[in-house]
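Hi,

Here is the structure I said I would pass on to you. Have a look at it first, and then read my notes below.

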Amino acid sequence: MSRLNIIVFFVLLLSSCSQTPSPEAISPVPSERQLAWHELEFYAFVHFNMNTFTNMEWGFGDESPELFNPTELDCRQWARVCKEAGMKGIILTAKHHDGFCLWPSEYTEHSVKNSPWKNGEGDVVKELSEACKEYGLKMGVYLSPWDRNHADYGKPEYITYFRNQLRELLSNYGDIYEVWFDGANGGTGWYGGANEERRIDRTTYYDWENTRKIVRELQPQACMFSDAGPDIRWVGNESGWAGETNWSILKRDEFAPGVVSDVKFLQQGQVDGTHWLPAEVDVSIRPGWYYHPSEDHKVKTLPQLLDIYYNSIGRNASFLLNLPVDTRGLVNENDVRQLRKLSEAIQADFEDNLALGKDVAASNTRGNSKIYKAENVVDNDPETYWATDDGVVASSITIDFKEATEFNRFMVQEFISLGQRVKEFTLEALVDDEWKQIDSQTTIGYKRILRFPNIVATKVRLNIEDAKACPLISNIEIYKAPKVLLEPQITRSKSGMISMKAFDTDLDIFYTTDGTEPSTQSLQYSEPFLMDEKVQLKAIVFDSKDKKSSPVTTVQFDVSKAKWELKGKFANKERAELIFDGKPETAWTLQNENQADYIIDLGEELNLKGFTYLPDQGRHNAGVIFNYEFYTSQNGKNWGAPVSKGEFSNIKNSPVLQEKNFRKVNARYVKFRAIDPAEENGRIGIAEFDIITE
């Protein structure tokens, strides 16, 4: 071919490429502000307000401003903790349902200006705004539409008050990226001393159309959150997950804040939705949203936090993790510790993208144009994407490693600027020259991350099985995440069966029963086994591939409860046996008992020297025993004086495992008498009860 012919060829080729029409958008599509929000992915909620100091979740509205008095308030610490955890912003509860304002609002006396904190000269919103700017974080505000303090709530006059406060927050603290409107509206409250119940029409009372115009006017780039958006939707639960199918679109006009006909639509979106309304997964790092000393030992574990990460960000949603700042005004050290573990685990999971720059082939490329070539999915450029011809939905794209490669994570993203399209896809790997299916899922959206056991393959293939229009895939990443080597979980059932469990897959567990430190030369766990005598178990998790092991876990078991039988008043109560089933998450709770005697036949005479008691670990209306007496008997009839009695000190604030010791006594029967509950709810409960033998 002559030089002239070559030039003509490339001119024609380029001309052909330039004439390839762009894919048409599939409505609805995200706005500019929504696209910016999608990129944030992970950010913090901070619940800190009057409830922090009253140890409540929802204040009544009659709390004195003098109760608000943090001793070490440091918004820079909040920002630093969030930044180090990889978060991109912080949303603050500027006003919760009790109506107390964290800024010196000129429209109410129920604010920090009448608190002893900084002699009434403080402004938490301002301090957080400055801290966010210093650490490069976005700032968001939560303003409760419901106000249990304000005398005019439920009347037209309150709407003016609410809008005035909204203007204050959006005018005086710099750029705001998200405005959070809660769906909880109307009910009992103080209401300026009326002490009554007030109900409102949630669809009309706030005149949302005009209220939202204030946000658009003052903070045009801010996204608004509620059950109905208009920019971001609630995911329909506070447990930390979005649906496996998750469309970023919804029939928005059928929803209103606090008015949800079916939460599954919030969890999954709607394939025929009319508006772009992506899901935000809001969940607290503790059981409660506000700080409670009794939950200091209930901070979510790394496995729990990782599951939330993959079930939110990994399912086309954002991850809004709440940090309940404590009465000092600091993110509690227990929470900080778990956040660091999560941050380190996420960084390790996504450290080395195995797909970056690899050879890629597609079953179809739009117009055979280089603009839409397959290689766009691995070029690390979010503005490029692979596309197929119009009418071509069923298609595939293959990444070639050229050599056997081990991996266990697969990330894929659509080019959502032109709409969410994929309805169904599968993932395959070429293992020993044979294609094997790894997973089969539905939606992709902004980001989808799949987790699976380690696979060694030379190629990976993404198959688009169904879509609303030609698929547009902007990014594919593949990783080999390290195994999470947490110490193993060890439990023993009532019958004495020992079970051990590692958090991650393809890991070995080694253990000892003689008190020595376990190693790979120790006993290897394979299945539950019987161990009914008193024993101390030590165990590790071991990754045979990386030759790494977890910290040692040590568990002390006394004699098994196989022979135990409840006697007396509760002898036939099936739920009563939950108190020695070996599962801390189960409990037996009694309501309004003046006194409860838990009588247990141990099945044999034993030399006793103490007992342990774990309170009900439930969040709502948990049963906690404060005062107790403990008796022993040879025959279950003659009890004598208690061998131990008193109180479980500070158990209300710290409902952890309690241990009581006494002088050795030989007995077959024990009676644990619950005298008074620790909580005002009148409930007494036991999650686990055990004895200590000589």
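This is a predicted model: local features need pLDDT of at least 70, side-chain atom pairs count only at pLDDT 80 or more; totals for chains, interfaces and linings use all residues.

Strand E4 (residues 178-180) and strand E7 (residues 223-226) run parallel and are joined by three bridges. Both belong to a barrel that eight strands close, with the order E1-E2-E3-E4-E7-E8-E11-E12 and parallel pairing. On average, neighbouring strands of this sheet are turned by 25° against each other, if you ignore direction. Helix H5 (residues 124-135) packs on the sheet too, where it touches strand E2 (89-95) and strand E3 (138-143). The direction of H5 makes about 175° with that of E2.

An open sheet of three strands has the order E20-E21-E24, and its pairing is antiparallel. Strand E20 (489-492) and strand E24 (529-530) stand at the edges with a single partner strand each, so one side of each has no neighbour in the sheet. E20 is joined to strand E21 (residues 497-501) by four bridges, and the two run antiparallel. To find the spot on screen, look for threonine 491, which stands opposite serine 499 in E21.

Now for two helices. How do H9 and H10 lie relative to each other? Helix H9 (residues 302-312) packs against helix H10 (residues 333-349) at an angle of about 55°, and their axes are 10 Å apart. H9 and H10 are therefore oblique to each other. The crossing of H9 past H10 is right-handed. On the H9 side, the residues that meet H10 are Leu302, Leu305, Leu306, Tyr309 and Tyr310; on the H10 side, they are Gln338, Lys341, Leu342, Ala345, Ile346 and Asp349. Sorted by type, the residues of this contact are eight nonpolar, one polar and two charged.

Finally, zoom out. The protein has ten helices and 35 strands. Its C-alpha atoms fill a box of roughly 110 × 70 × 40 Å along the principal axes. Of the 694 residues, 56% are buried. Among contacts with a separation of 6 or more, 74% are between residues 24 or more positions apart.

How values were computed. Residues are numbered from 1 along each chain as its sequence is written. Side-chain values use heavy atoms; hydrogens and water are left out. Axes are lines fitted to C-alpha atoms, for helices over the stretch in contact, and angles run from 0 to 180 degrees between N-to-C directions. Angles under 35 degrees count as roughly parallel, over 145 as roughly antiparallel, 65 to 115 as roughly perpendicular and the rest as oblique. A crossing is left-handed if the near helix is turned anticlockwise from the far one by less than a right angle, and right-handed if clockwise. Contact means heavy atoms within 4.5 Å. Ala, Val, Leu, Ile, Met, Phe, Trp, Tyr, Cys and Pro count as nonpolar, Asp, Glu, Lys and Arg as charged, and the others, Gly among them, as polar. Two strands pair if DSSP finds at least two bridges between them. Buried means under 20% relative accessible area, exposed over 50%, partly exposed in between (1.4 Å probe, protein chains only).
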